[in-house]
Amino acid sequence: MIVATSLRKAFGKLRAVDDITFSVSPGECFGILGPNGAGKTTTIRMLFGFTPKSAGRLQLFGLDIDQHLRQVKARIGVCPQENNLDPDLSVRQNLEMYARYFDIPPPLARRRADQLLSFIALEHRQNARIGELSGGMLRRLVLARALINEPELLILDEPTTGLDPQSRHQLWNRVEALKARGLTVLLTTHYMDEAARLCDRLMIVDQGKILVEGTPLQLIHDHVGAEIIEVASPNADLRAFVDRSGTPYEDLGHRLIIYASGGAEYYHTLSREFCQSGCMLRPATLEDVFLRLTGRELRE
Ligand SMILES: Nc1ncnc2c1ncn2[C@@H]1O[C@H](COP(=O)(O)OP(=O)(O)OP(=O)(O)O)[C@@H](O)[C@H]1O
Ligand SMILES: [Mg+2]
């Protein structure tokens, strides 16, 4: 569905996307993760021709985007990072007007709007103005709008940022339903649980470059191991023990993050001999991978 080869975007001296190569197969949900400013949105914008690339090659559906931008755009649905809905139009009108960009005849646009309003459970608000909707409703509407042209590839830039848990789960359910129908999905997110749940495969990018790529489980296995021990307020004896053991760890001062894969035994020793409380064994997550690879400092 997507083959990006040495894809680059430069803004003056800054390489926001620095020669990245990746591909996405039909039916796959592929995630792009990375800190603020890593280049996720810029990458996505090049995919649908919103931002021209500076260098590299980009093929979608086997078509080169330089020669076939129009055909390619007609087969993509985009849910941008910001809710760029038209505030002067109603919910339904936002869907039907958007259909015009794709030359969808009005009767067909109306039918699709009916189906999509039902899909996102907004039939009862179809005549509401955009300003009257909650954040969760806005996000669902942006998703529906991205589907009006029945795309083969759906691009979601931070689909659930700022939403409450109910709205996030609602949106995940819909993305899963779309995946089940065979739609290919490309998604960016800052929520690692979202990526772990939705993405078949993902890459973590930082400063325009790909750090790693793989399935969520593989990345956890390869970069942090199965289990993490967290120690709050570690004392000197505990630090010395961990140091001696050669187990990799991160020292955050007030807290140790120990990458103790398969470490039930190790954990029992630690908790018995050095810390009666404040010592926790837990399964490793994608968030551990993300923080280990991209660091804990602010980026912008
Ligand atoms: N139009 C532009 N002109 C100049 N610099 C830009 C422009 N758009 C993006 N950038 C810069 O390119 C870099 C990548 O930005 P981008 O929006 O792609 O990051 P992102 O990974 O989507 O971040 P976030 O998680 O905050 O959405 C940033 O340093 C940003 O300031
Ligand atoms: Mg972004």
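Author: The shell around ligand 1 comprises four nonpolar, seven polar and one charged residue, where Ala, Val, Leu, Ile, Met, Phe, Trp, Tyr, Cys and Pro count as nonpolar, Asp, Glu, Lys and Arg as charged, and the others, Gly among them, as polar. The model is predicted, local features need pLDDT of at least 70, side-chain atom pairs count only at pLDDT 80 or more, and totals for chains, interfaces and linings use all residues. Residues are numbered from 1 along each chain as its sequence is written, while chains are lettered from A and ligands numbered from 1 in the order in which they are written.

Reader: Which element gives the most to the shell around ligand 1?

Author: Helices (H or I, at least four residues) and strands (E, at least two) are DSSP runs, numbered from the N terminus. Here helix 1 gives the most, with three residues.

Reader: In which sense do strand 9 and strand 10 pair?

Author: Pairing requires that DSSP finds at least two bridges between two strands. Strand 9 and strand 10 (residues 209-214) are antiparallel over five bridges, and Asp206 stands opposite Lys209 in strand 10.

Reader: How are helix 3 and helix 4 oriented to each other?

Author: Angles under 35 degrees count as roughly parallel, over 145 as roughly antiparallel, 65 to 115 as roughly perpendicular and the rest as oblique. Helix 3 (residues 91-100) and helix 4 (residues 106-119) pack at about 135 degrees, and are therefore oblique to each other.

Key:
Axes fitted to C-alpha atoms, helices over the stretch in contact; angles between N-to-C directions.
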